[in-house]
Amino acid sequence: MTRHFLNLADAGGDALAAMLNDALTRKTARAGLPKGAADADAPLAGHVLAMVFEKNSTRTRVSFDVAMRQLGGSAIVLDAGTTQLGRGESIADTARVLSRMADAIMLRTDDHAKIEELAHYASVPVINGLTDDSHPCQIVADLLTLLERGKALPGLELAWLGDGNNVLNSLIEAAGLMKFNIRAGVPQGYEPDAEFIERAQAQGATITLTRSAVEAAAGADVV
């Protein structure tokens, strides 16, 4: 059965920890290498990632492309303006076509239902490069930064200040998987998705919402 990465829960806590450990090891081993040079083991040699952008991007686009090069693979970029995407071809057709020509698909879009439909019809792994609901790859990168700064994730007290958007949803999901707590200072009417909160709390994380940025940040290990 094909495994997809639409949300952090698709990987689970053990796999997420393994991703972070592997990233730390590979980053250390790359010291001094040119940014476009492949890792010594080139684990994705001969593999192609199809990157589909329905929303503009700088960091996600470049980071995925460079990551594929560093892992020994290659990437193809598609967008709605230069392909048949959004011009009569269904998501199911796109999934089938790309599955025949690429080894994995990354989609950056708006409605989360689109990436779920893509994954349903794709026979290769589908990766969430951002939807309105969640941004799991962003959070993997954020957690890596915390580890590099010497922060242990279990028991961490993290403060979020701002809108309860897709990034906060994924951060809350990570809190449940990696056993840390979040205090979010969010404006009225801009709260994160209640389902993400409920799942994280069921896994033992403490998720606190407040209207005060000062209250959210007080005593936090990271903001």
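This is a predicted model: local features need pLDDT of at least 70, side-chain atom pairs count only at pLDDT 80 or more; totals for chains, interfaces and linings use all residues.
A crossing of two helices is called left-handed if the near helix is turned anticlockwise from the far one by less than a right angle, and right-handed if clockwise. Residues are numbered from 1 along each chain as its sequence is written, and side-chain values use heavy atoms, with hydrogens and water left out.

**Helix H5 with helix H6**

- The crossing of H5 and H6 is right-handed; helices here are DSSP runs of H or I with at least four residues, strands are E runs of at least two, and both are numbered from the N terminus.
- H5 and H6 pack at about 55° with their axes 9 Å apart, the axes being lines fitted to C-alpha atoms over the stretch in contact and the angles running from 0 to 180 degrees between N-to-C directions.
- H5 and H6 are therefore oblique to each other (under 35 degrees is roughly parallel, over 145 roughly antiparallel, 65 to 115 roughly perpendicular, the rest oblique).
- Pro136, Gln138, Ile139 and Leu143 of H5 meet Val167, Ser170, Leu171, Ala174 and Met178 of H6, where contact means heavy atoms within 4.5 Å.
- This contact of H5 with H6 has seven nonpolar, two polar and no charged residues (Ala, Val, Leu, Ile, Met, Phe, Trp, Tyr, Cys and Pro count as nonpolar, Asp, Glu, Lys and Arg as charged, and the others, Gly among them, as polar).

**Helix H6 with helix H7**

- The axes of H6 (residues 166-178) and H7 (residues 194-202) come within 8 Å and cross at roughly 15°, which makes the two helices roughly parallel.
- Asn169, Ile172, Glu173 and Gly176 of H6 make the contact with Phe196, Ile197, Arg199 and Ala200 of H7.
- By class, that contact of H6 with H7 holds four nonpolar, two polar and two charged residues.

**Pockets**

- The largest pocket has a volume of about 1,900 Å³; a pocket is an open set of points on a 1 Å grid over the protein atoms alone, where a 1.4 Å probe fits, with protein on both sides within 12 Å along at least five of seven lines, and lining residues have an atom within 4 Å of a point.
- Volume is the space filled by probe spheres set on the points, which are joined across faces, edges and corners.
- Of the 49 residues lining the largest pocket, Ala23, Ser63, Ala67, Leu71 and Val140 are the closest to its centre.
- H2 gives the largest share of that lining in the largest pocket, nine residues.
- The second largest pocket has a volume of about 190 Å³, and H3 gives the largest share of its lining, five residues.
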